[in-house]
Amino acid sequence: MVSTEKSSQPTGAELFDIPDSHLRGRASLKWSTVEPDVLPAWVAEMDVHLAPAIFQTLQNALFRDDAGYPGTSDGLSTAFANFACDRWDWNIDPEHISIHIDAATAASKLMRYYAGPDGRVIIMPPVYNRFYDWMRVSEVRPYEVPLTDVARGGFFDLAGIEEGLAAGTRVILLCNPHNPLGRVYSKQELGQLAELAAQYDAVVISDEIHAPMVYHGVEYTPWLTVSEAAQHTGVALHTATKSWNFAGLKCGIAVRSATGPWPEGLDPKITLNDSGFWGILATEAAFKDCRAWLDAVREHFQAQTELLTDLLPHHLPGVKFHPPQASFLAWLDFSDTDLTEEPADYFLREARVALSPGSSFGSVGTSCARLNMGTSAERLERIVTAMGAVWPPR
Ligand SMILES: Cc1ncc(COP(=O)(O)O)c(C=O)c1O
(Lines give C-alpha, C1' and ligand atoms only; values in the text may rest on other atoms or scores of the structure.)
Protein backbone atom coordinates (compact mmCIF):
# COMPACT_ATOMS: atom_id res chain seq x y z
CA MET A 1 0.00 0.00 0.00
CA VAL A 2 1.34 3.39 -0.86
CA SER A 3 0.94 5.81 2.00
CA THR A 4 0.46 9.51 1.47
CA GLU A 5 2.44 10.23 4.65
CA LYS A 6 5.48 12.41 4.26
CA SER A 7 8.89 10.83 4.86
CA SER A 8 9.68 13.46 7.52
CA GLN A 9 7.78 11.49 10.14
CA PRO A 10 8.65 12.73 13.67
CA THR A 11 10.02 10.11 16.04
CA GLY A 12 7.87 8.68 18.81
CA ALA A 13 9.81 10.75 21.35
CA GLU A 14 8.95 13.92 19.38
CA LEU A 15 5.28 12.98 19.09
CA PHE A 16 5.03 12.65 22.88
CA ASP A 17 7.06 15.76 23.67
CA ILE A 18 4.19 17.85 25.07
CA PRO A 19 4.57 19.94 28.25
CA ASP A 20 2.28 19.42 31.24
CA SER A 21 0.94 22.96 30.80
CA HIS A 22 -0.45 22.08 27.36
CA LEU A 23 -1.93 18.78 28.53
CA ARG A 24 -3.57 20.42 31.56
CA GLY A 25 -5.41 22.63 29.07
CA ARG A 26 -7.07 19.60 27.48
CA ALA A 27 -10.77 19.14 28.27
CA SER A 28 -10.77 15.36 27.75
CA LEU A 29 -10.92 12.91 30.63
CA LYS A 30 -7.35 12.01 31.54
CA TRP A 31 -5.97 15.45 32.39
CA SER A 32 -9.08 17.55 33.02
CA THR A 33 -10.49 15.55 35.93
CA VAL A 34 -7.42 15.30 38.17
CA GLU A 35 -6.27 17.90 40.70
CA PRO A 36 -3.58 20.31 39.40
CA ASP A 37 -0.85 18.62 41.49
CA VAL A 38 -1.69 15.09 40.30
CA LEU A 39 0.19 13.32 37.50
CA PRO A 40 -2.36 11.30 35.55
CA ALA A 41 -1.34 7.78 34.46
CA TRP A 42 -4.80 6.24 34.46
CA VAL A 43 -7.40 6.14 31.65
CA ALA A 44 -6.09 4.91 28.27
CA GLU A 45 -5.60 8.24 26.55
CA MET A 46 -2.14 9.14 25.26
CA ASP A 47 -0.16 12.33 25.73
CA VAL A 48 0.56 12.58 22.01
CA HIS A 49 0.12 14.91 19.06
CA LEU A 50 -2.60 13.77 16.66
CA ALA A 51 -1.42 12.26 13.38
CA PRO A 52 -1.23 15.08 10.77
CA ALA A 53 -3.60 13.35 8.32
CA ILE A 54 -6.26 13.05 11.03
CA PHE A 55 -5.78 16.68 11.98
CA GLN A 56 -6.07 17.70 8.32
CA THR A 57 -9.15 15.54 7.73
CA LEU A 58 -10.97 17.13 10.65
CA GLN A 59 -9.84 20.59 9.66
CA ASN A 60 -11.09 20.02 6.10
CA ALA A 61 -14.48 18.97 7.47
CA LEU A 62 -14.56 22.14 9.59
CA PHE A 63 -13.73 24.30 6.57
CA ARG A 64 -16.61 22.67 4.68
CA ASP A 65 -18.93 23.25 7.66
CA ASP A 66 -19.43 19.53 7.24
CA ALA A 67 -20.87 18.02 10.42
CA GLY A 68 -23.93 16.11 9.29
CA TYR A 69 -24.82 12.44 9.39
CA PRO A 70 -22.36 9.95 7.92
CA GLY A 71 -22.81 9.53 4.16
CA THR A 72 -21.03 6.32 3.29
CA SER A 73 -18.53 4.07 5.04
CA ASP A 74 -17.14 2.53 1.85
CA GLY A 75 -13.86 4.44 2.14
CA LEU A 76 -13.41 3.37 5.74
CA SER A 77 -14.23 -0.29 5.00
CA THR A 78 -11.69 -0.36 2.18
CA ALA A 79 -9.06 1.42 4.28
CA PHE A 80 -9.52 -1.05 7.17
CA ALA A 81 -9.57 -4.10 4.88
CA ASN A 82 -6.33 -2.92 3.22
CA PHE A 83 -4.70 -2.29 6.60
CA ALA A 84 -5.75 -5.74 7.87
CA CYS A 85 -4.44 -7.40 4.74
CA ASP A 86 -1.11 -5.55 4.74
CA ARG A 87 -0.42 -5.82 8.45
CA TRP A 88 -2.02 -9.11 9.47
CA ASP A 89 -2.54 -11.04 6.26
CA TRP A 90 -6.26 -10.97 6.96
CA ASN A 91 -8.43 -10.85 3.86
CA ILE A 92 -11.75 -9.25 4.72
CA ASP A 93 -14.68 -8.89 2.39
CA PRO A 94 -15.65 -5.22 2.93
CA GLU A 95 -19.27 -6.41 2.82
CA HIS A 96 -18.63 -8.10 6.18
CA ILE A 97 -17.63 -4.84 7.86
CA SER A 98 -20.17 -2.75 9.73
CA ILE A 99 -19.68 0.58 11.48
CA HIS A 100 -20.98 1.29 14.98
CA ILE A 101 -20.91 4.17 17.45
CA ASP A 102 -18.06 2.42 19.26
CA ALA A 103 -16.83 -1.03 20.20
CA ALA A 104 -19.01 -1.00 23.31
CA THR A 105 -22.22 -0.49 21.37
CA ALA A 106 -21.44 -3.30 18.95
CA ALA A 107 -20.44 -5.65 21.79
CA SER A 108 -23.62 -4.83 23.72
CA LYS A 109 -25.82 -5.67 20.79
CA LEU A 110 -24.03 -8.97 20.26
CA MET A 111 -24.07 -9.92 23.96
CA ARG A 112 -27.76 -9.14 24.34
CA TYR A 113 -28.62 -11.11 21.24
CA TYR A 114 -26.56 -14.22 21.94
CA ALA A 115 -26.51 -14.54 25.74
CA GLY A 116 -29.83 -16.39 25.61
CA PRO A 117 -31.65 -17.71 28.69
CA ASP A 118 -28.42 -18.15 30.64
CA GLY A 119 -27.83 -14.39 30.44
CA ARG A 120 -24.12 -14.67 31.15
CA VAL A 121 -20.93 -13.90 29.26
CA ILE A 122 -17.54 -15.49 29.92
CA ILE A 123 -14.76 -13.00 30.59
CA MET A 124 -11.22 -13.58 31.77
CA PRO A 125 -10.13 -11.14 34.45
CA PRO A 126 -8.11 -9.17 35.11
CA VAL A 127 -9.70 -7.63 32.04
CA TYR A 128 -10.63 -4.24 30.57
CA ASN A 129 -12.65 -2.64 33.36
CA ARG A 130 -15.43 -1.37 31.13
CA PHE A 131 -16.39 -4.91 30.10
CA TYR A 132 -18.28 -4.92 33.42
CA ASP A 133 -20.11 -1.70 32.45
CA TRP A 134 -20.84 -3.05 28.98
CA MET A 135 -22.49 -6.07 30.57
CA ARG A 136 -24.52 -4.02 33.00
CA VAL A 137 -26.03 -1.93 30.22
CA SER A 138 -26.59 -5.05 28.11
CA GLU A 139 -28.41 -6.71 31.03
CA VAL A 140 -26.11 -9.72 31.03
CA ARG A 141 -23.92 -10.98 33.85
CA PRO A 142 -20.24 -11.88 33.87
CA TYR A 143 -19.14 -15.50 34.21
CA GLU A 144 -15.58 -14.94 35.35
CA VAL A 145 -12.83 -17.37 34.44
CA PRO A 146 -9.63 -15.65 35.61
CA LEU A 147 -6.51 -15.94 33.47
CA THR A 148 -3.90 -18.24 34.99
CA ASP A 149 -0.28 -17.39 35.71
CA VAL A 150 -0.70 -13.65 35.25
CA ALA A 151 2.86 -13.13 36.51
CA ARG A 152 4.07 -14.81 33.28
CA GLY A 153 1.65 -12.91 31.02
CA GLY A 154 -1.71 -14.64 31.57
CA PHE A 155 -3.12 -17.82 30.00
CA PHE A 156 -6.61 -19.15 29.25
CA ASP A 157 -8.04 -21.51 31.83
CA LEU A 158 -9.59 -23.78 29.22
CA ALA A 159 -11.01 -26.18 31.81
CA GLY A 160 -12.71 -23.28 33.61
CA ILE A 161 -14.06 -21.93 30.33
CA GLU A 162 -15.42 -25.36 29.44
CA GLU A 163 -17.17 -25.52 32.81
CA GLY A 164 -18.94 -22.26 31.98
CA LEU A 165 -19.94 -23.45 28.55
CA ALA A 166 -21.14 -26.77 29.93
CA ALA A 167 -23.24 -24.83 32.48
CA GLY A 168 -25.01 -23.07 29.61
CA THR A 169 -23.08 -19.84 29.01
CA ARG A 170 -23.01 -19.16 25.30
CA VAL A 171 -20.93 -16.00 24.80
CA ILE A 172 -17.21 -15.46 25.34
CA LEU A 173 -15.93 -11.88 25.38
CA LEU A 174 -12.26 -12.16 24.47
CA CYS A 175 -9.73 -9.35 24.76
CA ASN A 176 -6.78 -9.82 22.39
CA PRO A 177 -4.39 -8.00 22.61
CA HIS A 178 -5.28 -8.01 26.22
CA ASN A 179 -6.02 -4.93 28.31
CA PRO A 180 -4.54 -4.56 30.97
CA LEU A 181 -1.85 -7.24 30.51
CA GLY A 182 -0.74 -6.37 26.99
CA ARG A 183 -0.71 -10.08 26.17
CA VAL A 184 -1.01 -11.21 22.55
CA TYR A 185 -2.35 -14.77 22.41
CA SER A 186 -0.73 -17.23 20.04
CA LYS A 187 -2.58 -18.80 17.14
CA GLN A 188 -2.38 -22.12 18.95
CA GLU A 189 -3.99 -20.77 22.14
CA LEU A 190 -6.72 -19.07 20.12
CA GLY A 191 -7.25 -22.27 18.12
CA GLN A 192 -7.89 -24.23 21.32
CA LEU A 193 -10.40 -21.64 22.49
CA ALA A 194 -12.11 -21.72 19.08
CA GLU A 195 -12.46 -25.52 19.21
CA LEU A 196 -14.07 -25.28 22.61
CA ALA A 197 -16.45 -22.51 21.51
CA ALA A 198 -17.44 -24.48 18.41
CA GLN A 199 -18.04 -27.63 20.46
CA TYR A 200 -20.61 -25.77 22.59
CA ASP A 201 -22.01 -23.65 19.77
CA ALA A 202 -20.89 -20.51 21.57
CA VAL A 203 -20.23 -17.06 20.11
CA VAL A 204 -16.86 -15.38 20.60
CA ILE A 205 -16.79 -11.59 20.56
CA SER A 206 -13.14 -10.81 19.98
CA ASP A 207 -12.21 -7.29 21.12
CA GLU A 208 -9.09 -6.57 19.09
CA ILE A 209 -8.93 -2.83 19.40
CA HIS A 210 -5.32 -2.77 20.65
CA ALA A 211 -4.15 -4.81 17.64
CA PRO A 212 -2.59 -1.98 15.60
CA MET A 213 -0.26 -1.38 18.57
CA VAL A 214 1.27 -4.88 18.69
CA TYR A 215 5.04 -4.52 19.12
CA HIS A 216 7.54 -5.16 16.38
CA GLY A 217 8.50 -8.84 16.30
CA VAL A 218 5.33 -10.09 18.04
CA GLU A 219 2.98 -12.23 15.96
CA TYR A 220 -0.65 -11.22 16.21
CA THR A 221 -3.44 -13.44 14.87
CA PRO A 222 -6.86 -11.88 14.27
CA TRP A 223 -9.59 -14.19 15.53
CA LEU A 224 -11.19 -14.63 12.14
CA THR A 225 -7.92 -15.96 10.68
CA VAL A 226 -7.30 -18.55 13.41
CA SER A 227 -9.26 -21.50 12.02
CA GLU A 228 -12.57 -22.53 10.53
CA ALA A 229 -13.90 -23.03 14.05
CA ALA A 230 -12.97 -19.43 14.86
CA GLN A 231 -14.72 -18.19 11.74
CA HIS A 232 -17.85 -20.19 12.61
CA THR A 233 -18.00 -18.77 16.12
CA GLY A 234 -16.62 -15.24 15.96
CA VAL A 235 -17.20 -11.58 15.41
CA ALA A 236 -14.19 -9.24 15.69
CA LEU A 237 -14.28 -5.68 17.00
CA HIS A 238 -11.76 -3.05 15.95
CA THR A 239 -11.28 0.69 16.26
CA ALA A 240 -8.70 3.28 15.34
CA THR A 241 -9.74 5.41 18.30
CA LYS A 242 -7.34 3.75 20.76
CA SER A 243 -4.26 3.38 18.57
CA TRP A 244 -4.50 6.87 17.06
CA ASN A 245 -5.81 8.48 20.25
CA PHE A 246 -9.17 9.97 19.33
CA ALA A 247 -11.53 8.05 21.66
CA GLY A 248 -13.80 11.08 21.95
CA LEU A 249 -14.64 11.01 18.25
CA LYS A 250 -16.20 7.54 18.49
CA CYS A 251 -16.21 4.89 15.81
CA GLY A 252 -16.27 1.11 16.11
CA ILE A 253 -15.82 -1.54 13.44
CA ALA A 254 -17.37 -5.01 13.60
CA VAL A 255 -16.17 -7.73 11.25
CA ARG A 256 -18.20 -10.87 10.82
CA SER A 257 -17.33 -13.89 8.71
CA ALA A 258 -19.26 -15.58 5.90
CA THR A 259 -20.03 -18.54 8.16
CA GLY A 260 -20.17 -16.83 11.53
CA PRO A 261 -22.77 -15.28 13.80
CA TRP A 262 -24.52 -12.00 13.16
CA PRO A 263 -27.74 -10.87 14.86
CA GLU A 264 -30.78 -10.95 12.64
CA GLY A 265 -32.00 -7.42 12.07
CA LEU A 266 -28.72 -5.72 13.01
CA ASP A 267 -28.67 -3.64 9.86
CA PRO A 268 -25.32 -2.02 8.91
CA LYS A 269 -27.17 0.87 7.25
CA ILE A 270 -28.81 1.73 10.56
CA THR A 271 -25.68 1.25 12.67
CA LEU A 272 -23.80 3.51 10.24
CA ASN A 273 -26.46 6.18 10.43
CA ASP A 274 -26.24 6.07 14.25
CA SER A 275 -22.45 6.54 14.21
CA GLY A 276 -20.33 9.66 14.58
CA PHE A 277 -19.46 11.24 11.23
CA TRP A 278 -16.14 12.71 12.36
CA GLY A 279 -15.12 9.45 14.00
CA ILE A 280 -15.67 7.74 10.65
CA LEU A 281 -13.63 10.37 8.80
CA ALA A 282 -10.77 10.11 11.30
CA THR A 283 -10.83 6.30 11.28
CA GLU A 284 -10.54 6.15 7.50
CA ALA A 285 -7.64 8.62 7.59
CA ALA A 286 -5.92 6.60 10.35
CA PHE A 287 -5.97 3.25 8.59
CA LYS A 288 -5.18 4.76 5.19
CA ASP A 289 -2.72 7.56 5.80
CA CYS A 290 -1.27 7.30 9.29
CA ARG A 291 0.81 4.15 9.31
CA ALA A 292 4.22 5.78 9.75
CA TRP A 293 2.81 7.74 12.71
CA LEU A 294 1.55 4.46 14.20
CA ASP A 295 4.93 2.80 13.74
CA ALA A 296 6.70 5.67 15.47
CA VAL A 297 4.25 5.35 18.37
CA ARG A 298 4.68 1.57 18.58
CA GLU A 299 8.44 1.99 18.74
CA HIS A 300 8.01 4.53 21.50
CA PHE A 301 5.86 2.08 23.51
CA GLN A 302 8.53 -0.60 23.21
CA ALA A 303 11.09 1.89 24.50
CA GLN A 304 8.71 2.91 27.32
CA THR A 305 8.30 -0.75 28.29
CA GLU A 306 12.08 -1.14 28.47
CA LEU A 307 12.37 2.06 30.48
CA LEU A 308 9.73 0.92 32.97
CA THR A 309 11.40 -2.48 33.26
CA ASP A 310 14.64 -0.68 34.20
CA LEU A 311 13.00 1.84 36.56
CA LEU A 312 10.83 -0.52 38.62
CA PRO A 313 13.48 -2.54 40.52
CA HIS A 314 15.21 0.71 41.48
CA HIS A 315 12.14 2.76 42.53
CA LEU A 316 9.55 0.15 43.45
CA PRO A 317 11.40 -2.99 44.57
CA GLY A 318 9.12 -5.97 45.11
CA VAL A 319 6.52 -4.91 42.53
CA LYS A 320 5.92 -7.51 39.82
CA PHE A 321 5.61 -6.51 36.17
CA HIS A 322 5.46 -8.69 33.07
CA PRO A 323 6.35 -6.61 30.00
CA PRO A 324 3.45 -6.29 27.54
CA GLN A 325 3.59 -7.33 23.88
CA ALA A 326 1.29 -4.56 22.69
CA SER A 327 -0.08 -1.14 23.55
CA PHE A 328 0.83 1.28 26.33
CA LEU A 329 -0.57 -0.21 29.51
CA ALA A 330 1.47 -1.71 32.35
CA TRP A 331 -0.03 -4.03 34.97
CA LEU A 332 1.77 -3.62 38.28
CA ASP A 333 1.29 -6.33 40.88
CA PHE A 334 1.88 -5.36 44.52
CA SER A 335 0.72 -8.65 46.03
CA ASP A 336 4.18 -9.62 47.30
CA THR A 337 4.70 -6.28 49.07
CA ASP A 338 3.58 -4.84 52.42
CA LEU A 339 0.99 -2.56 50.84
CA THR A 340 -2.33 -3.30 52.52
CA GLU A 341 -4.67 -1.01 50.58
CA GLU A 342 -5.67 -0.62 46.93
CA PRO A 343 -2.43 0.57 45.26
CA ALA A 344 -4.19 3.29 43.21
CA ASP A 345 -5.61 4.82 46.44
CA TYR A 346 -2.20 4.76 48.12
CA PHE A 347 -0.30 6.38 45.24
CA LEU A 348 -2.94 9.02 44.63
CA ARG A 349 -2.91 10.07 48.26
CA GLU A 350 0.82 9.78 48.96
CA ALA A 351 2.51 10.39 45.59
CA ARG A 352 -0.16 12.39 43.74
CA VAL A 353 -0.05 9.92 40.85
CA ALA A 354 -3.36 8.71 39.39
CA LEU A 355 -3.35 5.03 38.37
CA SER A 356 -6.30 2.85 37.36
CA PRO A 357 -7.39 0.74 40.36
CA GLY A 358 -6.66 -2.94 39.85
CA SER A 359 -9.95 -3.99 41.43
CA SER A 360 -11.89 -2.34 38.59
CA PHE A 361 -10.45 -5.04 36.27
CA GLY A 362 -12.07 -7.76 38.39
CA SER A 363 -11.64 -8.76 42.02
CA VAL A 364 -8.49 -10.72 41.09
CA GLY A 365 -6.81 -7.35 40.49
CA THR A 366 -7.32 -5.92 43.98
CA SER A 367 -3.61 -5.79 44.82
CA CYS A 368 -2.66 -4.44 41.39
CA ALA A 369 -2.82 -1.18 39.45
CA ARG A 370 -2.66 -0.23 35.79
CA LEU A 371 -0.15 2.40 34.78
CA ASN A 372 -0.51 4.25 31.47
CA MET A 373 2.85 4.46 29.65
CA GLY A 374 1.37 6.43 26.74
CA THR A 375 3.37 9.50 27.60
CA SER A 376 6.91 10.86 27.24
CA ALA A 377 9.90 9.04 28.71
CA GLU A 378 10.54 12.06 30.89
CA ARG A 379 7.01 11.98 32.35
CA LEU A 380 7.08 8.21 32.83
CA GLU A 381 10.29 8.62 34.81
CA ARG A 382 8.69 11.41 36.85
CA ILE A 383 5.66 9.20 37.58
CA VAL A 384 7.75 6.24 38.74
CA THR A 385 10.11 8.48 40.72
CA ALA A 386 7.13 10.05 42.53
CA MET A 387 5.82 6.57 43.35
CA GLY A 388 9.29 5.49 44.48
CA ALA A 389 9.52 8.45 46.85
CA VAL A 390 6.71 6.93 48.97
CA TRP A 391 7.98 3.36 48.67
CA PRO A 392 7.98 1.15 50.65
CA PRO A 393 4.84 2.15 52.55
CA ARG A 394 5.45 3.08 56.16
C1 LIG B 1 -10.02 -3.61 25.19
C2 LIG B 1 -10.78 -2.35 24.95
N3 LIG B 1 -11.96 -2.40 24.30
C4 LIG B 1 -12.68 -1.30 24.06
C5 LIG B 1 -12.27 -0.06 24.48
C6 LIG B 1 -13.13 1.13 24.22
O7 LIG B 1 -12.76 1.70 23.04
P8 LIG B 1 -13.68 2.85 22.41
O9 LIG B 1 -14.05 3.75 23.51
O10 LIG B 1 -12.78 3.50 21.43
O11 LIG B 1 -14.81 2.15 21.78
C12 LIG B 1 -11.06 0.06 25.18
C13 LIG B 1 -10.60 1.36 25.66
O14 LIG B 1 -9.61 1.51 26.30
C15 LIG B 1 -10.31 -1.11 25.41
O16 LIG B 1 -9.12 -1.07 26.04
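**Backbone features and the ligand pocket**

Lys250 is found in the loop that runs between β7 (234-238) and β8 (252-255). In this predicted model, Lys250 has a positive phi of about 70°, although Lys250 is not a glycine.

Two cis peptide bonds can be described in the backbone, one from Pro125 to Pro126 and another from Asn176 to Pro177. For the bond from Pro125 to Pro126, omega is near 0°. Pro126 has its place in the loop between β3 (120-123) and α7. For the bond from Asn176 to Pro177, omega is near -5°. Pro177 lies in the loop between β5 (171-175) and α9 (187-199).

The largest pocket has a volume of about 1,000 Å³. Its lining is made up of 42 residues, and those closest to the centre of the pocket are Val43, Ala44, Glu45, Lys242 and Ala247. Sorted by class, the lining contains 23 nonpolar residues, 10 polar residues and nine charged residues. Several elements of secondary structure contribute to this lining: α6 (103-114), α7 (130-138), α14 (343-351) and β12 (356-357) each supply at least two residues. The largest share comes from α14, which provides three residues of the lining.

The ligand sits in this largest pocket. Around the ligand are Asp102, Ala103, Tyr128, Trp134, Cys175, Asn179, Asp207, Ile209, His210, Thr241 and Lys242. This shell divides into five nonpolar, three polar and three charged residues.

An oxygen atom of the ligand is 2.7 Å from an N or O atom in the side chain of Asn179. In the case of Thr241, a polar side-chain atom lies 2.5 Å from an oxygen atom of the ligand. For Asp207, the ligand atom is a nitrogen, and the distance from this nitrogen to an N or O atom in the side chain is 2.5 Å. Taken alone, the ligand exposes 400 Å², of which the protein buries 93%.

Conventions
Residues are numbered from 1 along each chain as its sequence is written. This is a predicted model: local features need pLDDT of at least 70, side-chain atom pairs count only at pLDDT 80 or more; totals for chains, interfaces and linings use all residues. Side-chain values use heavy atoms; hydrogens and water are left out. A residue is near a molecule or strand if one of its heavy atoms lies within 4 Å of it. A polar contact is a pair of N or O atoms within 3.5 Å; within protein, one must be able to donate a hydrogen and the other to accept it, and residues adjacent in sequence count only if both atoms are side-chain atoms. Accessible areas come from the Shrake-Rupley method with a 1.4 Å probe; for residues, only the protein chains shown count as cover. On a 1 Å grid over the protein atoms alone, a cavity is a set of points where a 1.4 Å probe fits but cannot get out, and a pocket is an open set with protein on both sides within 12 Å along at least five of seven lines; lining residues have an atom within 4 Å of a point. A molecule sits in a cavity or pocket if more than half of its atoms lie within 2 Å of its grid points. Ala, Val, Leu, Ile, Met, Phe, Trp, Tyr, Cys and Pro count as nonpolar, Asp, Glu, Lys and Arg as charged, and the others, Gly among them, as polar. Grid points are joined across faces, edges and corners, and a volume is the space filled by probe spheres set on the points. Helices (H or I, at least four residues) and strands (E, at least two) are DSSP runs, numbered from the N terminus.
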